[in-house]
Amino acid sequence: MTDLHLRFVEACDLDRCYEIETSAYEGDEAATREKIATRIGQYPQGFVVLEKDGEVIGFINSGCADEVVMSDESFKELVGHNPDAPNVVIMSVVIFPDHQGQGYATLLMRHFVEQAEKAGKRSIHLMCKERHIALYRKFGFRYAQPSPSEHGGMSWHEMVMALGG
Ligand SMILES: CC(C)(COP(=O)(O)OP(=O)(O)OC[C@H]1O[C@@H](n2cnc3c(N)ncnc32)[C@H](O)[C@@H]1OP(=O)(O)O)[C@@H](O)C(=O)NCCC(=O)NCCS
């Protein structure tokens with residue numbers, strides 16, 4: 001039987017998370033090892049990993065902001081991040097390619113949203129490509145606006161989910 005386990009990230013997960021990020025994202029869309037290390041070090045409470053049979057196969061990481069500016073590239077290095085701020089900004093939602101299409105992102109997102117609610121957060125924001133809009137709608141996000149960002153030479157869309165907190 002498959003053993004699935006959701007937990008917060010730990011320092012020892014850095015290499016595997018970097019491997020997943022670079023395997024699943026195209027080209028310069030992937031965060032650098034340094035950026036992932038910063039997210040693990042500064043805000044592990046906003047970094048959830050999914051383990052399958054003892055191996056990390058995917059994760060969601062984030063920061064928090066009082067005022068969300070999705071196109072702010074420096075936020076990806078957590079510049080301006082305040083752990084007590086009410087709005088969560090997701091930076092990565094990623095599942096290792098071999099394990100995609102089996103509902104694992106859905107599982108991770110459901111858990112991530114629960115954790116954000118428990119922490120009393122007010123909203124969750126993310127930026128996605130056109131092809132993922134339907135996926136995030138399914139998770140309960142609503143379309144906010146086209147993004148001014150041209151990260152990686154592509155067009156991006158901002159999605160938002162309001163929480164009870
Ligand atoms: C996007 C991603 C996280 C989805 O992970 P996953 O575990 O394969 O997703 P799930 O299996 O939980 O799929 C959830 C639903 O979305 C659909 N879906 C998944 N990927 C999709 C895609 N690229 N386009 C459209 N629908 C998609 C699935 O069919 C499923 O629908 P269903 O419940 O009706 O069957 C994964 O493909 C990935 O890591 N991609 C590379 C990184 C990336 O681009 N992340 C998104 C950043 S905005």
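**Group meeting: cysteines, a ligand and some loops**

Let's start with the cysteines. The structure holds zero disulfides. Take C12. C12 is in no disulfide, and the nearest cysteine sulfur, in C17, is 9.3 Å away. The cut-off for a disulfide is two cysteine sulfur atoms within 2.5 Å. C12 is also exposed, with a relative accessible area of 64%.

Before I go on, one point to keep in mind: this is a predicted model.

Now C128. How far is the sulfur of C128 from the closest cysteine sulfur? The distance is 19 Å, and the partner in question is C64. That is too far for a bond. And is C128 buried or exposed? C128 is buried, at 3% relative accessible area. So we have C12, which is exposed at 64%, and C128, which is buried at 3%.

Next, the ligand. Please turn the model to find it. Where does the ligand sit? The space it takes is the largest pocket. How many residues surround the ligand? There are 20. The closest are G101, G103, T106, L135 and K138.

Which helices and strands supply the shell around the ligand? Keep β4 and β5 in mind. We will come back to both.

Let's look at some polar atoms around the ligand. Start with Q100. An N or O atom in the side chain of Q100 is 3.3 Å from an oxygen atom of the ligand. Then Q102. Here the backbone takes part: a backbone N or O atom of Q102 lies 3.3 Å from a ligand oxygen. Then H132. A polar side-chain atom of H132 lies 3.3 Å from a nitrogen atom of the ligand. How much of the ligand does the protein bury? Taken alone, the ligand exposes 900 Å², and the protein buries 71% of that.

Back to the strands, as promised. In β4, find S92. S92 is buried, at 2% relative accessibility. What joins the side chains of S92 and Y25? A polar contact of 3.5 Å. In β5, find K129. Is K129 buried or exposed? K129 counts as buried, at 9% relative accessibility. Now look along the chain to S147. K129 and S147 are 18 residues apart in sequence, and their C-alpha atoms are 9.8 Å apart in space.

R16 is found in helix α1. R16 counts as buried, at 15% relative accessibility. What lies 2.7 Å from a polar atom of the R16 side chain? The backbone oxygen of V56.

Now the loops. First stop, A31. A31 is found in the loop between α1, residues 14–24, and α2, residues 33–42. A31 counts as buried, at 7% relative accessibility. A31 and E77 are 46 residues apart in sequence. In space, their C-alpha atoms are 9.4 Å apart.

Next stop, Y43. Y43 lies in the loop between α2 and β2. Y43 is buried, with a relative accessible area of 7%. Y43 and C64 are 21 residues apart along the chain, and their C-alpha atoms are separated by 9.0 Å.

Last topic: backbone angles. Most residues other than glycine have a negative phi. Which way does D53 go? D53 is not a glycine, yet it has a positive phi of about 45°. D53 lies in the loop between β2, residues 47–52, and β3, residues 55–65. Is D53 buried or exposed? D53 counts as exposed, at 51% relative accessibility. The cut-off for exposed is over 50%.

Then L78. What is the phi of L78 near? It is near 65°, a positive value in a residue other than glycine. L78 sits in the loop between β3 and β4. L78 is buried, with a relative accessible area of 5%. So D53 is exposed, whereas L78 is buried.

Definitions and conventions. Residues are numbered from 1 along each chain as its sequence is written. This is a predicted model: local features need pLDDT of at least 70, side-chain atom pairs count only at pLDDT 80 or more; totals for chains, interfaces and linings use all residues. Side-chain values use heavy atoms; hydrogens and water are left out. Buried means under 20% relative accessible area, exposed over 50%, partly exposed in between (1.4 Å probe, protein chains only). A residue is near a molecule or strand if one of its heavy atoms lies within 4 Å of it. A polar contact is a pair of N or O atoms within 3.5 Å; within protein, one must be able to donate a hydrogen and the other to accept it, and residues adjacent in sequence count only if both atoms are side-chain atoms. Accessible areas come from the Shrake-Rupley method with a 1.4 Å probe; for residues, only the protein chains shown count as cover. On a 1 Å grid over the protein atoms alone, a cavity is a set of points where a 1.4 Å probe fits but cannot get out, and a pocket is an open set with protein on both sides within 12 Å along at least five of seven lines; lining residues have an atom within 4 Å of a point. A molecule sits in a cavity or pocket if more than half of its atoms lie within 2 Å of its grid points. Helices (H or I, at least four residues) and strands (E, at least two) are DSSP runs, numbered from the N terminus.
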